[in-house]
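Here is a short briefing to read alongside the structure. Please have the sequence and the 3D view open as you go.

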Amino acid sequence: MDVAWKSFATRLIANQFAPVPANGEIYERSLLLTPENAIFLARANTGKRLIMLERTKNKLFDELKAEEIGNIGEISFKSAELSHANAEVMRRYVSFMKPVAFGRGSFSLGLGDRLGLASPGHLRCIRGTGLRPVLAQQSIRELNLTQRTYEDVLDAASWAVLQEGFQDGFGADGDHLKKAEEVKMALDLGFSMITLDCSEKIDNTVDSLTAREVSQRYAGLDQSLRDRMEGEYLGRTFKVGDIAICFSEEALQRTMLTYGETLAFIQEIHARYIAGQPRPVDFELSIDETATPTTVEAHYFMAAEMVKAGIELTSLAPRFCGEFQKAIDYIGDLTRFEAEYVVHAAIADHFGYRLSIHSGSDKFKVFPIVGQYTRGRVHVKTAGTNYLEALRVICRVEPALFRRICAHARLRFPDATKFYHVTTDLAKIPDADTLPDSELERMLNEQDARQLLHITFGFVLTDKDAAGTYVFRDRLYAIWDAHEEEYANILVQHIGKHIKLLKERLPGGQAK
Ligand SMILES: [Zn+2]
């Protein structure tokens, strides 16, 4: 690259001059400099813009929808909106802005971002840790509650990696997808990971049946299927690492009755959408949304059936014992959790995929165990906690607004519990109106208050008044936009604590 050009572009960034509007700011880490051109992100009064310095005509700049905003000699300046169309163009030409699959060997963190604002902070947490970020991670339920689309979610992640100059690759997870058309939509958009949720095919009624009832119902299954499965699973010992797994007759019957229906569904989705993909896709199976913990037999059975069907899972999410409630620490018996986790980790290891830990926000007590037994070959999903930390910004910047949000959350709590299972005790939550500013963050530090604020996010973000105006949304986004750095710093602290504990019992505290 010629030195004069490089020094020109670098000086331009350093001096904050020319095309960036007054009071604007350049994101220095975003600079992409080629011998012909330069491109970077800047913040203007009207929001973030992509600024291009065009020295030589090229296809990327031709395809972006941008306006000419001036020139210095031969070099013309253009400014482009961070629109979906422009994000699509950028993903075609700038490879690190496109999501990638991480495969079976990585240590990754799911970093759901309901606001489309958290990824810059997340990338700063991740950099240098050895972990890999799945930035765009949303379920359909979350999309509906926040009135966003997968385009929005993916675009926010792509622009964030550009802003932070993060070129190591990020993942995009179509989380908890239950329907064929959802899987297709996510893949068509370029998502790199599909988390297939089988809960609609899992029969949760089997848990409450007696052994006798189970065997009666089992007798109704197709004879040849029963013969085949009994031949494969009964009277045998399956070794996974140092652990031996044997199926009792009842265990096999319960497993087949509970999970039997999922098998054809998984195979159909895999054959239609995953098997023929020209690019690698991380395929995760989620069986965590069940009434009771996944048994060892059920986990082994699902894994073995996937192998038989020729399906290579990247990860599997069992339901663990105890409670993984939203945005609070693990509730349950840690000794039992550890004992069962060892076995689940051994099964995953045996079959080559990774365990996936859902609702991983704030589960500090279990993180050292989660890291240790998978030796850092694991995926941990977080989401809601990132919204709560965004509310922390509001609490610090505009306490009066935060108090109104707390009141609104109380009002909407009964509606929110239709979507989320929590054990929130409203009586234990302080009245935000009577808390002085200096104590207001208790609402974000105490368990019951955190849950209240966590599960009502959809209402706070989308509720409108009688005149059809958002009650909070516009003001919230204006504050978050003006306090971007503060939000990033809070996330670095909070998600940083997750990472530190996940790596605590790894050799040298390092991810492999
Ligand atoms: Zn889940």
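**The nonpolar core**

The largest nonpolar core holds 125 residues, and those with the most contacts inside it are Ala157, Ile194 and Leu391. Such a core is a set of buried Ala, Val, Leu, Ile, Met, Phe, Trp, Tyr and Cys residues joined through C-beta atoms within 7 Å; buried means that 20 or more other C-beta atoms lie within 10 Å of a residue's own, with C-beta atoms placed from the backbone.

- Helix α6 (residues 150-164) gives this core its largest share, nine residues; helices are DSSP runs (H or I, at least four residues), numbered from the N terminus.
- Domain 1 (3-93) and domain 2 (386-494) each supply at least three residues to this core.
- Ile194 touches residues including Gly174, Leu177, Ile274 and Phe283, not counting those up to four places away in sequence; contact means C-beta atoms, placed from the backbone, within 7 Å.

**About the model**

- This is a predicted model, where local features need pLDDT of at least 70 and side-chain atom pairs count only at pLDDT 80 or more, while totals for chains, interfaces and linings use all residues.
- Residues are numbered from 1 along each chain as its sequence is written.

**Domains**

- The chain is divided into domain 1 (3-93) and domain 2 (386-494), with bounds from an automatic or database domain assignment.
- Their C-alpha centres lie 36 Å apart.

**A helix pair**

- The axes of α13 (residues 367-374) and α20 (residues 484-502) come within 7 Å and cross at roughly 45°; axes are lines fitted to C-alpha atoms over the stretch in contact, and angles run from 0 to 180 degrees between N-to-C directions.
- Phe367, Pro368, Val370 and Gly371 of α13 meet His498, Leu501 and Leu502 of α20.

Definitions and conventions: Buried ≥ 20, exposed ≤ 12 C-beta atoms within 10 Å, placed from the backbone. Helix = DSSP H or I, 4+ residues; strand = E, 2+ residues; numbered from the N terminus. Contact = placed C-beta atoms within 7 Å.
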